[in-house]
Amino acid sequence: MRLLTTAAPAIALAAWALVAAVPGPLSMVVAGLGLVLAVVASVHHAEVIAHRVGEPYGTLVLAVAMTTIEAALVLSLMLAKGEGGTTLPRDTVYAAVMTICSGVLGVCLFVGGVRHKEQTFRVDGATSALAALVTLVGLTLVLPNHTTSSPVATYSPPQLAAVALMSFVLWGVFVMIQTGRHRDYFLPTQPEADGDEHAEIPSKKAAWSSLVAMLVSLVAVVMLAKSLSAPLERFVTQIGAPQAVVGVLISFLVLMPETAASLRAAVSNRFQTSMNLAMGSALASIGLTIPVVAVASLIMGVPLVLGLDAKATILLTLTFIVNGLTLGLGRSNILLGAAHLMLFAVFLLTSFVP
């Protein structure tokens with residue numbers, strides 16, 4: 001395992017180079033395998049860092065690194081598509097929020113409930129993160145439909161600049177309380193019984209090596225995802241699905257490391273880590289991605305359509321209501337997981353069959 005995770009970043013980059021040099025069906029298969037290897041490696045190295053620095057810093061490392069690269073991927077695809085990419089950031093961010101808040105949390109709640117019957121987490125940290133997330137989603141994905149100084153579903157340049165700044169500031173405040181003032185909100189409620197606490201803490205050298213390997217793996221994830229985006233777009237067109245599905249598939253590819261890390265933590269009876277990863281990733285997805293694409297939109301004059309349609313707004317509202325009820329309990333069980341997963345199933349259904 002150690003040999004595989006050490007070699008995986010180089011193998012994944014080699015797979016990307018092969019796809020770029022010799023495009024074709026076989027190269028796409030190699031790209032898919034390289035993507036899986038990069039995801040496995042990024043999760044492994046993130047866990048090494050997390051064990052070295054402790055919670056919640058470890059989960060923050062993966063969330064911020066992955067979301068920063070997600071923003072770069074969305075931006076590059078948006079600019080490459082020009083006018084055809086005006087809705088891509090909205091579709092990708094919406095898909096990321098729904099995937100995390102219904103899919104990732106749902107599977108962690110359900111699998112954790114099956115494996116351990118009941119797992120606990122800190123309500124104060126979870127609800128604080130949810131309050132910030134609801135605010136960010138409302139400002140970026142709902143309010144643009146109701147402003148009058150610009151076309152429907154868009155912000156005027158001053159509005160877009162202000163909302164981008166507020167999104168980044170609110171995310172920064174969340175990081176500040178998570179790592180400083182209220183760090184205890186995000187620490188485990190009890191010793192997490194998976195044996196990791198008894199494992200030898202990695203050395204500084206090992207932690208720095210893992211940080212470099214994780215970043216290389218994440219870059220490989222994005223490069224391979226970008227290489228696979230064109231085939232994904234052709235596939236979406238061939239099956240007659242809406243173009244918004246492209247954003248859904250991109251978010252799935254980008255969120256693979258966080259999903260794998262969250263699920264592994266839930267299975268290992270470390271649900272607080274799952275919660276930190278999920279909510280932190282959702283907040284970073286908006287707090288970092290929206291400001292980046294907003295600045296690019298303002299500088300390059302590329303329009304940015306942010307407002308969701310009524311169907312997506314209703315589904316997002318239901319998801320946040322269920323999240324509020326779930327996170328307010330401080331305990332997990334399979335019923336809560338099933339409720340989240342049903343919402344995720346409806347999200348997938350209405351994405352492919354609107």
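The structure is a predicted model. Its accessible surface amounts to about 14900 Å², of which 72% is supplied by carbon and sulfur atoms.

With regard to secondary structure, 12 helices and zero strands are assigned to the chain. Read from the N terminus, the order of elements is accordingly α-α-α-α-α-α-α-α-α-α-α-α. The radius of gyration is 20 Å, close to the 20 Å given by the globule rule for 354 residues, so the chain is as compact as a globular protein of that length. Along the principal axes, the C-alpha atoms occupy a box of roughly 55 × 50 × 35 Å.

Of the 354 residues in the chain, 51% are buried, with under 20% relative accessible area as the criterion. Among contacts with a separation of 6 or more, 84% are formed by residues 24 or more positions apart.

Model confidence was considered over the chain and by segment. The average pLDDT of the chain is 83, and 92% of the residues score at least 70. Over residues 193-198, pLDDT stays under 50. For this segment, the model contains seven contacts beyond four places in sequence. Where pLDDT is low, predicted coordinates should not be read in detail.

Conventions. Residues are numbered from 1 along each chain as its sequence is written. This is a predicted model: local features need pLDDT of at least 70, side-chain atom pairs count only at pLDDT 80 or more; totals for chains, interfaces and linings use all residues. Side-chain values use heavy atoms; hydrogens and water are left out. pLDDT is the predictor's confidence in each residue, from 0 to 100. Contact means heavy atoms within 4.5 Å. Helices (H or I, at least four residues) and strands (E, at least two) are DSSP runs, numbered from the N terminus. The radius of gyration is taken over C-alpha atoms; the globule rule is 2.2 Å times the number of residues to the power 0.38. Buried means under 20% relative accessible area, exposed over 50%, partly exposed in between (1.4 Å probe, protein chains only). Accessible areas come from the Shrake-Rupley method with a 1.4 Å probe; for residues, only the protein chains shown count as cover.
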